Amino acid sequence: MTAGNSLLNTVHQLMLEEFSTVPFHNLFYLGISAPDLLVNPLSSGGTCSDKVLAFRDRLKTQSIAARLHSAFINGVNCHRVLVLDLAGERYFADVGNAWPSVRLFPAAGDAVYSAYGIEFSSRRRGEWLEIYQRKEGRQSLSLRIPLTLSDEHLVLQKIKHRFDGATEYPFMDGIRFAQVLGDAFVFLKKDRLRIYQPHNEVVTIALPEWGDQVAALETYFGVTLADPACALSVRYTRARSGRFI
C-alpha cells in the first residue's frame, strides 16, 4: 500500500467515524434545542457549516490539512465542503451532508461508491464537479462543487451570517436529524423517518404529528426534548415568521 492510499484510508475511516458519532440536524436552526428544552443537550452536530468546521479540526489533530469551500444545492450557494490535497491529488469531502457521504470525491475525474444502500457518484462537468445520489432506484443531482476554490475568509463570513434570512436552505421546511447507527443510516426528515441498510429495502415510518417526530428523536437518536409543548410553540412561531413551514 502506497503512502497516498494509506492516507486516503485514514481520511475515509475518519469520515465514517464522523457520520457515526456526529449527527446532522437543524434543531438549533428551528430554535428547539436550547439547553432548557433538552434533557441531554447536544454537544456536537448541526448543519453543514457546523460539521465541516468540526471535521476540519478533527483532521488537524491528525496533521491533515483541509480548507473550507462552498458548493451549490438547487442553484443556491448554501452548502459547505472541505478541500483536501493528498499525495498530489485534490479531493472534496462532503461531511456536512445530511446523507452518509463517507468517501472523498476526486476533483480530477469521475467516481462512484455505495454506502447503506445509497449510491454516490461524481462527474466532472467543465469547471464543476457534480455529485449525484441514487436512492430506491432513482438518481438525483445532490450538489455542484465549483472547481475554482472559494476564498476561505468569504466562506467564514457566509457561515457567520448563515441564519440572517438572506439564504434559503433545503432544511427550512421541517425537522432534520440524520446519523449512521451501526450498520444502518437513519434519517428523520419532516414527517418521515427512513432507515437505509445495504441489501435491504428502505424502511419508511410515517410521523404525521409533531409528537410522533419528538418521540422518534428519543427512540432512534436518544435526544429528548424536556418540554415538547414549548418546542411545539417555538415551531409554530417559526411558521408564522416564514422560517419554518
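Colleague: Which exposed residues does the face of helix 3 turned away from its buried side carry?

Modeller: Happy to walk through it, bearing in mind that this is a predicted model. A residue counts as exposed when its relative accessible area is over 50%. On that face of helix 3, the exposed residues are Lys 60 and Thr 61.

Colleague: And which residues of helix 3 are buried?

Modeller: Here the cut-off is under 20% relative accessible area. Cys 48, Ser 49, Lys 51, Val 52, Phe 55 and Leu 59 are the buried residues of helix 3. They lie on the same side of the helix, because the arc they cover around the axis is only 160 degrees.

Colleague: On to the strands: how many bridges join strand 3 to strand 4?

Modeller: Pairing takes at least two bridges between two strands. Strand 3 (residues 76–86) and strand 4 (residues 89–93) run antiparallel and are joined by five bridges. Look for Val 83, which stands opposite Phe 92 of strand 4. The two strands form a hairpin with two residues between them, and Ala 87 in the turn takes a positive phi of about 50 degrees.

Colleague: What is the bridge partner of Tyr 91 in strand 5?

Modeller: That is Pro 106. Strand 5 (residues 105–106) pairs with strand 4 over two bridges, in the antiparallel sense.

Key. Residues are numbered from 1 along each chain as its sequence is written. This is a predicted model: local features need pLDDT of at least 70, side-chain atom pairs count only at pLDDT 80 or more; totals for chains, interfaces and linings use all residues. Side-chain values use heavy atoms; hydrogens and water are left out. Buried means under 20% relative accessible area, exposed over 50%, partly exposed in between (1.4 Å probe, protein chains only). Helices (H or I, at least four residues) and strands (E, at least two) are DSSP runs, numbered from the N terminus. The arc is that of the directions from the helix axis to the C-beta atoms.
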